[in-house]
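I opened the notebook to look up charged side-chain pairs. The entries below follow the order in which I checked them.

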Amino acid sequence: MDMTADIVAVLPEGILVIGAVACLMLGSWTPRSRQARVRATAAATTVVMLAFAVAGLVREPTTAFSGTVAIDELTGVLRLVVGGSLLVLLLLAGGEVRGHPRESELAVLLLLGGAGVLLLGAATDTAVLVVAFLLASIPLYGMVGLSTDPRAPEAAMKTYLIGALCGILMLLGASVLYGLAGTTAYAGLDALASAPAAGAAAGVALLAVGLMFKAGAVPAHFWVPDATQGTWITTASFLTTVPKLGAVLAVVRLLQALPPDRVWVLLVAAVAAVTMTVGNLAALTQHDVRRLLAWSTISQVGYLLAIAAAVPGSDLALPTLVLFLAGYAATNLGAFAVLATDPGRTEIDDWRGVGRRRPGVVAALAVLLLGLVGTPPTAVFVAKALTLTATWEAGLAWLAVLVAANTVLSLAYYLRWLTACLRRPDVPRTGEDRASTQATRVAVVCAAVAIGLGIGAAPVLGLVG
């Protein structure tokens, strides 16, 4: 084993961890009123990480640390999407937590959480997968609890308890699979073909529970709306976007490693169907815009898992998943950036008349919400169209029909919010009405990226053959 080559292979992840330690030390020696320099250091760290991630894309696929971590096109794309997302989140944090006593802690936790998500998506060993789950989860618990919102303690406690339970079940699943296969490496999971079916199914299902928690999918999704509503918008943006990216890729890698059996595909497809339907039905009843977006992200995970289920049966599925992950990250982060322009507007009715006062913000919101629906020419539209094709090719026609039906269903609650923005307010708002300039810029840029990825989808699809 060449330790130097292994360290070079995971340099982007290492840079995030080293940057987090550096930010923690810098924050300890910096007056609380000048913590912005810590956030700037975290942003610089992310830029360096992105530079190494781009350089890594041109190298041949390889593995690191005795084959427990895969460095391939999927890992490369995940690094770029997570790195870009961290930059957006650090910009949002500038408008929301500037001068807050815990500003530096948030930057540190964002970097550590990003590193955990990268390891989660690259793991090819159940033991490493469990470690990655913990590395990605522990910073999340801290981030949710940092907010001064009165609902933050309940949100943090619920997130922690469900996360801890899912972590225990995940560790139990990894132990069961080790007992049946005699190894923790994905390469050895073929041995499950000769193991008792009930034991193998139980082991895989328990392991998957942890990944469903990170993805915010059924049955481990209950914490998402409360955590999204009860914490900072920056944290809500992170927890509804970044962990899902690594978790969905982890599901794909696990699905590819399991013995070729239709039952694993149907298991993921069933979770996808229930997740997208539950998310959309619950979103229909929401009046709080944060809870609406929280349930929306749950439904989006259902679409992502649908394309993941098609990976073993369709060559189109993997490139589509890559485009979907990138498009979803830009669109969802942009939608939360719109919320950050005026955090005081918590209910849908509070947005009445905003279209007249802030046409730019509402235009960006329209692009982003219609993007989440899957409207041309956004990236999510292209990804959803390809998802229908891929799931049909994979012999999951019923899932393709459900994806289409849920897409139509979701239009109702996204349009409800947009329609409110274009109506006259019941009581004209008096006084100066200023939106956060920084959050507005982030929202507009995210909307532009969502459209740009949709128009230029071909190069993104070509990254993964």
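How many salt bridges does the count come to? I get nine salt bridges. The model I am working from is predicted.

Entry one: aspartate 226. I find aspartate 226 in a salt bridge with arginine 291, with 3.1 Å between the closest N and O atoms. Aspartate 226 sits in helix H9 (residues 223-229) and arginine 291 in helix H13 (residues 289-310), so this pair ties together parts that are 65 residues apart in sequence. Aspartate 226 has a relative accessible area of 18%, so I note it as buried. Arginine 291 comes out at 19% and is buried as well. The cut-off for buried is under 20%.

Entry two: aspartate 342. Arginine 345 and aspartate 342 meet through their side chains in a salt bridge, 3.0 Å from N to O. A salt bridge also joins aspartate 342 to arginine 358, at 3.1 Å, N to O. This second pair links distant parts of the chain, 16 residues apart. I place aspartate 342 in the loop between helix H14 (317-341) and helix H15 (354-357). Arginine 358 is in the loop between H15 and helix H16 (359-373).

Are these side chains buried or exposed? Aspartate 342 counts as buried, at 12% relative accessibility. Arginine 345 is buried at 6%. Arginine 358 is buried at 5%.

How values were computed:
Residues numbered from 1 in each chain as written. Predicted model: local features only at pLDDT ≥ 70, side-chain atom pairs only at ≥ 80, totals over all residues. Heavy atoms only, no water. Salt bridge = Lys/Arg side-chain N within 4 Å of Asp/Glu carboxyl O. Helix = DSSP H or I, 4+ residues; strand = E, 2+ residues; numbered from the N terminus. Buried < 20%, exposed > 50% of the residue type's maximum accessible area, 1.4 Å probe, protein only.
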